[in-house]
Amino acid sequence: MAKAMDYENLNENVKKCQYAVRGELYLRASELQKEGKKIIFTNVGNPHALGQKPLTFPRQVVALCQAPFMLDDPNVGLLFPADAIAKAKHYLSLTSGGLGAYSDSRGLPGVRKEVAEFIERRDGYPSDPELIFLTDGASKGVMQILNTIIRGSSDGILVPVPQYPLYSATIALLGGSLVPYYLEETANWGLDIVNLRQSVAQARSQGITVRAMVIINPGNPTGQCLSEANLKEILNFCYQNNVVLLGDEVYQQNIYQDERPFISARKVLMDMGAPINKELQLVSFHTVSKGYWGECGQRGGYFEMTNIPPKAVEEIYKVASIALSPNVPAQIFMGLMVNPPKPGDISYERFIRESKGILESLRRRAQLMTDGFNSCRNVVCNFTEGAMYSFPQIRLPPKAIEAAQKAGKVADVYYCLKLLEATGISTVPGSGFGQKEGVFHLRTTILPAEEDMPAIMDSFKKFNDEFMEQYEDHKGYSRM
């Protein structure tokens, strides 16, 4: 007799849920690594795993918070700068018993106040700490909010395609319906409002109520930055269709061009004035995992709610309370991210030097990778305007698609597996993010060390050229 936790008796939503970033390619890469092959894990935006050094100041502060007895050592000033010591004492004073004690389920009130002040400085409009919840990474916040919105399979969430699979996986897990809207690759992954309207009309014709819309700005995996005009269109669309907007803004520090700086959805909403800025419901997400911090393993994030009624906020608080408390060390990292050293502080110059160095290097790597992909046969890649990824289109020849079908694989999975076996470069196939029928991509981070990037791109080019040589029929199959 089948037991309760045998595969066939598991929750069907668990089985439906897929997360390509840690999927088949990642598992095969881990096997090859165990066998002794050198693997370059470009499948996930995990900066420190690819050699990015932690920023010194936040680590000093958290080290002192983790070992407060060091603050009593008369020699502490020989090891730590005075501003790090002062900050550690400040954060410890906000807790109810140090980093080992639970905090409020929304996070430490003092840190939430610092987040609110950061948002006000960024957007020019006040923010209410009572409407900010600290979370274990932005992902947990996204899951909390989707859990609140999705009531059943007839509730739809508009998600950009290509999309970060956190959304498709969570929607499947919660039993909702993903409503895709396609980004236009030829327009640098721009958003087309006409396409958005068509997606909603099609969903409604299938009996689906569209309840929320996700934007990822800057884009993951596509790297585009939304313009102010685009954000206004999106906000008006959500207002007209009575849809809550979920603004995934975790890459807001990662901008590699000057034409389209990051602008938050909240700022644009507030600028638009009444009645929309008093009525449109918006939830915005941020994290310590990205930007020049890259503190993925710390699991720190927040979400801020705009125009969400008090009774709904109470329900979200109630559900957050089930997990008791977000992790406290990560809350300190969040406080430090939103309230870093200021001009005149002892650690300021070092902090600016380190953070600028990381961002400038990422900007150069974005260009190196884009140029590298565009120099390859049958590969076309838009420039990474922001975030941490390149998402090149791979023009796979018909024979390669046939070979993939024979092997029982999706064509871009087949290509990425071959790339992994030949070079050790672990990527994510575009099919894991969604893409138009018959079009194939892969996603790679731009995070490998700058000095390693030319060799990685040479290795990719050599593999790709040999792959295309093997599968092209040389009867005029063209690059475009």
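This is a predicted model: local features need pLDDT of at least 70, side-chain atom pairs count only at pLDDT 80 or more; totals for chains, interfaces and linings use all residues.

Trainee: How many salt bridges does the structure hold?

Mentor: A salt bridge is a side-chain nitrogen of Lys or Arg within 4 Å of a carboxyl oxygen of Asp or Glu. The structure holds 25 of them. In one, the closest N and O atoms of Glu31 and Arg28 are 2.9 Å apart.

Trainee: Where do Glu31 and Arg28 lie relative to one another?

Mentor: Helices (H or I, at least four residues) and strands (E, at least two) are DSSP runs, numbered from the N terminus. Both residues belong to helix α2 (residues 24–34), and because they are 3 residues apart there, about one helical turn separates them. Arg28 and Glu31 also take part in a network of salt bridges together with Glu35 and Glu421.

Trainee: Are Glu31 and Arg28 buried, partly exposed or exposed?

Mentor: Buried means under 20% relative accessible area, exposed over 50%, and partly exposed in between (1.4 Å probe, protein chains only). Glu31 is partly exposed because its relative accessibility is 43%. Arg28, at 21%, is likewise partly exposed.

Trainee: Which parts of the chain does the salt bridge between Arg266 and Asp123 link?

Mentor: In this salt bridge the closest N and O atoms of Arg266 and Asp123 are 3.3 Å apart. The pair links distant parts of the chain, with Arg266 in helix α11 (residues 265–272) and Asp123 in helix α6 (residues 109–123), 143 residues apart. Arg266 counts as buried at 4% relative accessibility, and Asp123 is buried at 3%.

Trainee: What does the salt bridge between Glu472 and Arg377 tie together?

Mentor: The closest N and O atoms of that salt bridge are 2.8 Å apart. Glu472 lies in the segment after α18 (453–471) and Arg377 in the loop between α15 (348–374) and β10 (379–380), so the pair ties together parts that are 95 residues apart in sequence. Glu472 counts as buried at 9% relative accessibility, whereas Arg377 is partly exposed at 27%.

Trainee: Let us turn to a strand. Why is strand β9 described as largely enclosed?

Mentor: Strand β9 (residues 301–306) is largely enclosed by the rest of the structure because 6 of its 6 residues are buried. Gly301, Phe303 and Met305 point one way, Tyr302, Glu304 and Thr306 the other way, and all are buried.

Trainee: Which strands pair with β9?

Mentor: Two strands pair if DSSP finds at least two bridges between them. Strand β2 (residues 132–135) runs antiparallel to β9 and is joined to it by 4 bridges, with Leu134 opposite Tyr302. Strand β8 (residues 282–287) also pairs with β9 in the antiparallel sense, over 6 bridges, and Ser284 stands opposite Glu304.

Trainee: How many disulfides are there?

Mentor: A disulfide is a covalent bond between the sulfur atoms of two cysteines. Here a disulfide is counted when a pair of cysteine sulfur atoms lies within 2.5 Å, and the count comes to 0. The sulfur of Cys238 has its closest cysteine sulfur in Cys225, 19 Å away, so the two are too far apart for a bond. Cys296 is also 19 Å from its closest cysteine sulfur, in Cys225, and this is too far for a bond. Cys238 is buried, with a relative accessible area of 0%, and Cys296 is buried at 13%.

Trainee: What does Asp248 touch?

Mentor: Contact means heavy atoms within 4.5 Å. Asp248, found in strand β7 (residues 244–248), touches Tyr167, Ile215, Ile216, Asn217 and Phe285, not counting residues up to four places away in sequence.

Trainee: Which residues are in contact with Leu245?

Mentor: Leu245 also lies in strand β7 and is buried, with a relative accessible area of 0%. Its contacts, leaving aside neighbours within four places in sequence, include Met213, Ile234, Cys238 and Val283.

Note on methods
Residues are numbered from 1 along each chain as its sequence is written. Side-chain values use heavy atoms; hydrogens and water are left out.
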